[in-house]
Amino acid sequence: MPYMMTKVPFKTMLVLLLLTTATQAICANIAQNNHIALFLQDHLGDGYSKIGSRVYYRGKEIPNANAGSFQFLGSGYAKDTWKVYFRGAIIVDASPSTFQFLGDGYASDAWRVYFYGKPLSNATASSFKILGNGYSKDPWKAYYLGREINGANASSFENLGRGYAKDNWSSYYRGEKNDKFAGPTTQPLGGQYTKDNWSVFYKNQKVEEASASSFEYLDDGYAKDAWNLFYRGVKVEGGSPNSFKLIGNGYAADPWVVYYEGVKVKGASPSTFKALGGGYAKDSWAVFYRGQELKGAGASTFEYLDNGYAQDAYTKFYRGEKLD
């Protein structure tokens with residue numbers, strides 16, 4: 001049966017044409033308005049923005065926020081003439097006129113102290129101090145991440161860094177009292193090592209056989225005292241601290257042995273050994289990946305490329321595996 005074209009009345013065609021044109025015009029106008037709105041959007045920081053007389057947090061309008069007086073303070077805090085906000089939500093009873101961001105997630109007004117938008121019970125706003133690394137205090141109490149540290153002496157309390165703190169009688173790690181430490185003599189060394197006058201600690205655990213008087217942190221997890229080497233708190237057997245040197249990327253050496261993350265690298269030559277990056281290293285005769293010899297790789301032409309890739313004159317490797 002031959003195809004029959006249906007006749008459409010001229011008026012109907014005209015109406016359809018006009019509707020199509022109008023729809024296209026409306027869509028174009030919406031797109032233009034959206035583009036203009038995006039262009040005019042004032043990004044205040046941390047997800048806050050405003051367009052004209054409206055204020056938004058992560059794209060959602062904040063009802064009744066006053067755009068003219070609205071200001072971003074930091075770490076999710078903001079305020080206008082009448083209200084204080086944290087991550088777009090109103091902080092009930094907070095005073096905008098005296099509200100200020102203190103740092104480390106803390107803020108205060110004339111009457112209260114806040115940690116990430118929640119009031120701290122019994123904290124004294126007028127004398128509240130930020131000590132850093134989550135620690136803070138007023139004249140009577142010390143806090144860690146907004147939580148009161150039970151038994152801490154606020155007047156002598158101080159932040160030591162890397163999670164450690166102390167007062168005149170006790171030492172603390174991440175806000176918890178640490179009875180293993182001597183207290184006032186505790187000092188952080190770096191790399192999560194710390195010591196007092198008598199002992200050395202790694203991640204809050206005592207490092208056995210370590211001499212506090214001569215102990216020092218090197219880098220990359222390695223440390224030493226006058227007699228021993230250590231990697232992440234564990235003694236490196238047979239290491240020579242007097243001639244020990246860091247190579248990089250977890251590798252280190254003394255005149256006789258190469259180490260990777262504190263473990264001896266079998267067959268490696270310390271005198272010619274060098275780290276290449278990405279876990280790769282080589283000496284004059286062999287190539288290594290994360291402390292293991294990379295069989296079949298030619299040391300003389302081997303080079304590290306990037307993102308786990310390496311090659312010699314004949315073969316490419318990815319994270320220590322040959323690529324076909």
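A residue counts as partly exposed when its relative accessible area lies between the limits for buried, under 20%, and exposed, over 50%. The legends below apply this scale to a predicted model.

**View A. Overall composition of the predicted model.** The protein is built from one helix and 40 strands. Of its 324 residues, 42% count as buried. Among contacts with a separation of 6 or more, 26% join residues 24 or more positions apart.

**View B. The aromatic pair Phe115 and Tyr116.** The structure holds 32 aromatic pairs. In the pair shown here, the ring centres of Phe115 and Tyr116 lie 4.7 Å apart and the planes meet at 75 degrees, so the arrangement is edge-to-face. Phe115 counts as buried because its relative accessibility is 14%, whereas Tyr116, at 35%, counts as partly exposed. Both residues belong to a cluster linked by ring pairs, which also includes Tyr77, Phe86, Phe99, Phe101, Tyr106, Tyr114, Phe128 and Tyr143.

**View C. The aromatic pair Phe302 and Phe317.** The ring centres of Phe302 and Phe317 are 5.7 Å apart, with an angle of 50 degrees between the planes, so this pair is tilted. Phe302 lies in the loop between strand 36 (292-293) and strand 37, and Phe317 lies in strand 39 (residues 316-318); the pair therefore ties together parts that are 15 residues apart in sequence. Phe302 is buried, with a relative accessible area of 3%. Phe317 is likewise buried, at 0% relative accessibility.

**View D. A nonpolar surface patch containing Leu305.** Leu305, Tyr309 and Leu323 form this patch on the surface, and together they have about 260 Å² of accessible area. Leu305 is located in strand 37 (residues 303-306). With a relative accessibility of 39%, Leu305 counts as partly exposed.

View E. Two bridges join strand 7 (residues 84-86) to strand 8 in the antiparallel sense. Tyr85 stands opposite Ile90 of strand 8.

**View F. The hairpin of strand 33 and strand 34.** Strand 33 (residues 274-277) pairs with strand 34 (residues 280-282) over three bridges in the antiparallel sense. Lys274 has Lys282, in strand 34, as its bridge partner. Two residues lie between the strands, and Gly278 takes a positive phi near 65 degrees in this hairpin.

**View G. The salt bridge between Lys235 and Glu209.** Five salt bridges are found in the whole structure. In this one, the closest N and O atoms of Lys235 and Glu209 are 3.0 Å apart. The pair links distant parts of the chain, 26 residues apart: Lys235 lies in strand 28 (residues 234-236), and Glu209 in the loop between strand 24 (205-206) and strand 25 (216-219). Lys235 is partly exposed at 25% relative accessibility, whereas Glu209 is exposed at 55%.

**View H. The salt bridges Arg54 with Glu61 and Glu293 with Lys295.** The side chains of Arg54 and Glu61 meet at an N to O distance of 3.9 Å. Arg54, at 45% relative accessibility, counts as partly exposed, and Glu61 is partly exposed at 37%. For Glu293 and Lys295 the N to O distance is 3.5 Å. Glu293 is partly exposed, with a relative accessible area of 40%, while Lys295 is exposed, at 60%.

Note on methods: Residues are numbered from 1 along each chain as its sequence is written. This is a predicted model: local features need pLDDT of at least 70, side-chain atom pairs count only at pLDDT 80 or more; totals for chains, interfaces and linings use all residues. Side-chain values use heavy atoms; hydrogens and water are left out. Patches are made of residues with over 30% relative accessible area and no salt bridge: like charges are joined within 9 Å, nonpolar side chains (Val, Leu, Ile, Met, Phe, Trp, Tyr) within 5 Å. Accessible areas come from the Shrake-Rupley method with a 1.4 Å probe; for residues, only the protein chains shown count as cover. A salt bridge is a side-chain nitrogen of Lys or Arg within 4 Å of a carboxyl oxygen of Asp or Glu. Helices (H or I, at least four residues) and strands (E, at least two) are DSSP runs, numbered from the N terminus. Buried means under 20% relative accessible area, exposed over 50%, partly exposed in between (1.4 Å probe, protein chains only). Two strands pair if DSSP finds at least two bridges between them. Rings of Phe, Tyr and Trp (its six-membered ring) pair if their centres lie within 6.5 Å; planes under 30 degrees apart count as stacked, over 60 as edge-to-face and the rest as tilted. Contact means heavy atoms within 4.5 Å.
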